[in-house]
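Hi,

Here is the structure I promised to pass on.

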Amino acid sequence: MTAPQEPGSNPRRAFIAAAGAGVAGLGFTAIAPGLHLMAVGQADAAEVRKAGSAASPAVRWGLLIDAGKCAPGCTKCVDACHTENGVSEKLPDPRQNSQWIRKIELVDRRDGRKTELPMMCQHCANPPCVDVCPTGASMKRADGIVLVDRHTCIGCRYCMMACPYKARSFVHEELSDQKPDVPRGKGCVESCTLCVHRIDKGEKTTACAEACAQAGHGAIVFGDLNDPDSEISQRVREIQTTQLRADLKLGTGVRYHGI
Amino acid sequence: MKLLRILATLLFAAIAVSPAPTFAGEGGRTAKPVIEIANPGKCVAPVDEMRRNHMEMLKHQRDRTMRQGIRGEPASLNACIECHASKKTGSVLGSNENFCQSCHSYAAVKLDCWDCHQPKAGFKATGVKP
């Protein structure tokens with residue numbers, strides 16, 4: 001049940017990272033004069049990126065959702081996400097409203113036990129939405145965040161068909177009063193961005209995780225799955241977690257516990 | 001036939017060397033766009049370069065920001081707005097004197113940026129209206 005990019009699973013990689021850390025964050029070590037061993041690992045993973053630097057493949061952003069702590073009827077994460085990203089249009093046909101995140105109720109038919117959990121883009125390591133996109137608008141960033149480049153999206157909605165999680169929405173009507181950090185517009189597909197505008201500023205959490213923690217539930221943990229010291233990595237090591245539709249081998253960045 | 005071809009060549013040469021008709025001097029008959037520049041003189045590049053290349057600068061910046069996550073570059077659409085939004089309306093759009101719209105309506109070049117991006121400076125949105 002471990003993702004391919006799970007840290008610590010490869011002792012050789014851990015050695016390389018330790019060797020890289022030995023030269024004070026330089027990211028490489030000299031094994032002979034003029035010959036350097038590059039650290040392709042998690043050397044600076046947890047540190048805040050400098051302004052003007054690109055997203056690092058050493059980082060793998062993800063979420064851990066504890067369905068046992070998700071309170072029935074609570075929609076704090078949904079409200080916070082949609083406030084953060086300015087998703088609040090109310091169209092005459094409610095099926096056309098965008099959903100970046102939604103609450104799902106699971107019912108065990110044998111005994112009627114109910115579980116609630118939030119669903120959003122699972123930020124797959126091998127995203128089917130990226131595979132099918134005819135223009136290259138659907139894309140995965142180096143740090144594992146799956147995004148839609150609206151500049152090249154033609155609104156064909158093939159990615160919406162391909163996504164097994166129904167994570168994407170289509171903007172049906174012209175919008176105004178968008179957030180400066182979250183441009184959105186008619187004719188494009190959109191989905192959870194893992195609050196990429198926050199992460200790029202160096203903030204440590206997403207709107208949904210923040211709201212859930214503030215409400216006292218703490219059911220959502222955001223963090224770097226590649227950093228062995230991050231809270232999410234420690235929790236994932238300690239408790240049993242599930243990747244939804246793990247049979248599809250998509251390597252999702254969102255893990256669930258208690259489902 | 002040959003004479004006609006020579007005449008055509010001469011005519012083409014005459015057109016090619018004549019001054020461009022749109023560049024009328026001071027007091028010329030050609031209308032010029034009226035641009036309200038809220039904060040002049042602090043741009044990321046000289047005016048001539050900005051007028052000719054701003055779309056290329058923004059396009060390359062947008063790809064780096066979108067695909068690689070590089071933020072805080074000088075050529076940033078939000079930075080454009082913060083300086084150039086009209087002091088009256090707070091926006092780069094709205095009237096033909098506002099920064100983006102003035103030249104774009106003059107040159108009849110469609111502005112797509114603002115279908116998705118926020119054209120007002122210091123905008124704190126509470127939600128999106130359809």
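To start with chain A: it has seven helices and eleven strands. Keep in mind that this is a predicted model. Of the 259 residues in chain A, 42% count as buried. If you take the contacts in chain A between residues at least 6 apart in sequence, 58% of them join residues at least 24 apart.

Now the inside. The largest nonpolar core has 52 residues, and those with the most contacts inside it are A:Ile65, A:Cys77, A:Cys208 and A:Ile220. Helix 6 of chain A gives the most to this core, namely five residues. There is also a second, separate core of seven residues, with B:Cys80, B:Val92, B:Cys100 and B:Ala121 among them.

Setting aside its neighbours within four places in sequence, A:Ile65 is in contact with A:Leu117, A:Pro118, A:Ala219, A:Ile220, A:Val254 and A:Tyr256.

Helix 6 of chain A spans residues 207-214, and it is mostly covered, with six of its eight residues buried. The buried ones are A:Ala207, A:Cys208, A:Ala209, A:Glu210, A:Ala211 and A:Cys212, so you will find a glutamate in that list as well. What do they pack against? On the helix side, the partner is helix 2 (76-84) of chain A, while the strands are strand 4 (101-107), strand 5 (114-120) and strand 10 (220-224) of chain A. Just after helix 6 of chain A, A:Gly216 takes a positive phi of about 90°.

Strand 4 and strand 5 of chain A run antiparallel and are joined by seven bridges. In one of the pairings, A:Ile104 has A:Leu117 in strand 5 as its bridge partner, and A:Leu117 is also one of the contacts of A:Ile65. The two strands form a hairpin with six residues between them, and in the turn A:Gly112 has a positive phi of about 80°.

Cheers

Key: Residues are numbered from 1 along each chain as its sequence is written. Chains are lettered from A and ligands numbered from 1 in the order in which they are written. This is a predicted model: local features need pLDDT of at least 70, side-chain atom pairs count only at pLDDT 80 or more; totals for chains, interfaces and linings use all residues. A residue is buried if 20 or more other C-beta atoms lie within 10 Å of its own, exposed if 12 or fewer, and partly exposed in between; C-beta atoms are placed from the backbone. Helices (H or I, at least four residues) and strands (E, at least two) are DSSP runs, numbered from the N terminus. Two residues are in contact if their C-beta atoms, placed from the backbone, lie within 7 Å. A nonpolar core is a set of buried Ala, Val, Leu, Ile, Met, Phe, Trp, Tyr and Cys residues joined through C-beta atoms within 7 Å. Two strands pair if DSSP finds at least two bridges between them.
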